[in-house]
Structure formats: structure tokens, C-alpha cells
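I set down each term with its cut-offs where I first use it.

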Amino acid sequence: MITFEEAEIILEEIAEALPSAIFDGLNGGYVLTPEVKMDKNGLYILGHYHVQPNGLGRYITIYHGSIEAVYGNMNERGWRRKLKEVLHHELTHHLEHQAGDRSLEIQDEIDRAGYLRR
């Protein structure tokens with residue numbers, strides 16, 4: 001299991017390996033929180049891209065508590081892979097939002113509906 005502090009270090013390493021231009025317009029950056037976050041259907045939320053009204057802020061939250069609840073028994077390599085996946089997913093939301101594209105948002109809705117039908 002990876003502690004919150006270890007996950008913060010891993011996430012920082014992942015972010016530093018990305019081109020800085022990807023973070024343009026992400027004026028609130030990204031944050032790892034110990035919180036467990038669930039949606040109205042009881043599904044864990046691993047990350048969230050936030051857009052504040054009137055363009056006042058854009059930022060990413062990654063929920064360590066949710067990742068731990070779902071994948072807590074992973075080793076460091078597994079945590080690194082999952083944190084990278086979640087950060088890249090939320091950054092894709094950010095880039096698509098800037099481009100006026102909702103493709104990933106729509107795909108997330110389709111995936112969630114399919115999961116709930118099972």
C-alpha cells in the first residue's frame with residue numbers, strides 16, 4: 001500500500017514528466033486529496049476536472065481515498081500506473097474543454113451507464 005505522502009511524490013513525478021503546455025489554462029493546477037469521493041450511484045470517483053463559473057478557475061482533483069478504496073492492495077508500480085492514468089484522463093478533459101470538445105465527457109457517461117446496467 002502507498003501512503004498519501006508517497007502518492008503525492010509519485011504524482012508530482014508524473015506531472016513533471018509532461019510538457020508544461022498541457023497545464024496552460026489550468027490555473028488551479030492539480031491536487032491530490034485524501035478524500036473518498038462517490039457519485040450519486042455509489043460509484044467511486046478517482047479524479048475530477050473542475051471548471052468554475054465565468055472562467056474563474058480550472059483545476060484537477062485526484063482522490064487518493066477513492067483510489068485506495070478500489071485499488072488499495074496495489075504495489076508502487078500499480079499506484080504509479082493508476083495515478084498516471086487518472087491524471088492523464090483529467091488532463092484530457094481539460095484539453096478538450098479548452099477546444100470546445102466533449103468527446104471524453106460523453107464517453108465517460110456512456111461507460112458509466114454501461115457499468116450501471118451490469
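My opening question was: how many residues apart in helix H3 are Lys-82 and Glu-85, and why are they separated by about one helical turn? I found that they are three residues apart in helix H3, and therefore about one helical turn lies between them. I note for the record that this is a predicted model, in which local features need pLDDT of at least 70 and side-chain atom pairs count only at pLDDT 80 or more, while totals for chains, interfaces and linings use all residues. Residues are numbered from 1 along each chain as its sequence is written, and side-chain values use heavy atoms, with hydrogens and water left out.

I take a salt bridge to be a side-chain nitrogen of Lys or Arg within 4 Å of a carboxyl oxygen of Asp or Glu, and helices (H or I, at least four residues) and strands (E, at least two) to be DSSP runs numbered from the N terminus. Lys-82 and Glu-85 form such a bridge, with the closest N and O atoms 3.0 Å apart. For accessibility I use relative accessible area (buried under 20%, exposed over 50%, partly exposed in between, with a 1.4 Å probe and protein chains only). Lys-82 is buried at 10%, whereas Glu-85 is partly exposed at 46%. I also looked up shared partners, and Glu-13, Glu-76 and Arg-80 are joined by salt bridges into one network.

Glu-76 is partly exposed at 43%, and Arg-80 is partly exposed at 29%.

The whole structure holds six salt bridges. Another of them joins the side chains of Arg-112 and Asp-39 at 3.9 Å, N to O. Because Arg-112 lies in helix H4 (residues 103–117) and Asp-39 in the loop between strand S1 (30–33) and strand S2 (47–51), this pair ties together parts that are 73 residues apart in sequence.

Entry 2, the sheet. I count two strands as paired if DSSP finds at least two bridges between them. Three strands form an open sheet in the order S1-S3-S2, with mixed pairing; S1 and S2 are at the edges, each with a single partner strand, so one side of each has no neighbour in the sheet. S1 pairs with S3 (residues 58–63) in the parallel sense over four bridges, and Thr-33 has Tyr-63 of S3 as its bridge partner. S2 and S3 pair in the antiparallel sense over five bridges, with Val-51 opposite Arg-58 in S3.

Taking contact as heavy atoms within 4.5 Å, I listed the residues involved, among them His-89 and Glu-96 of H3 and Leu-104 and Asp-108 of H4.
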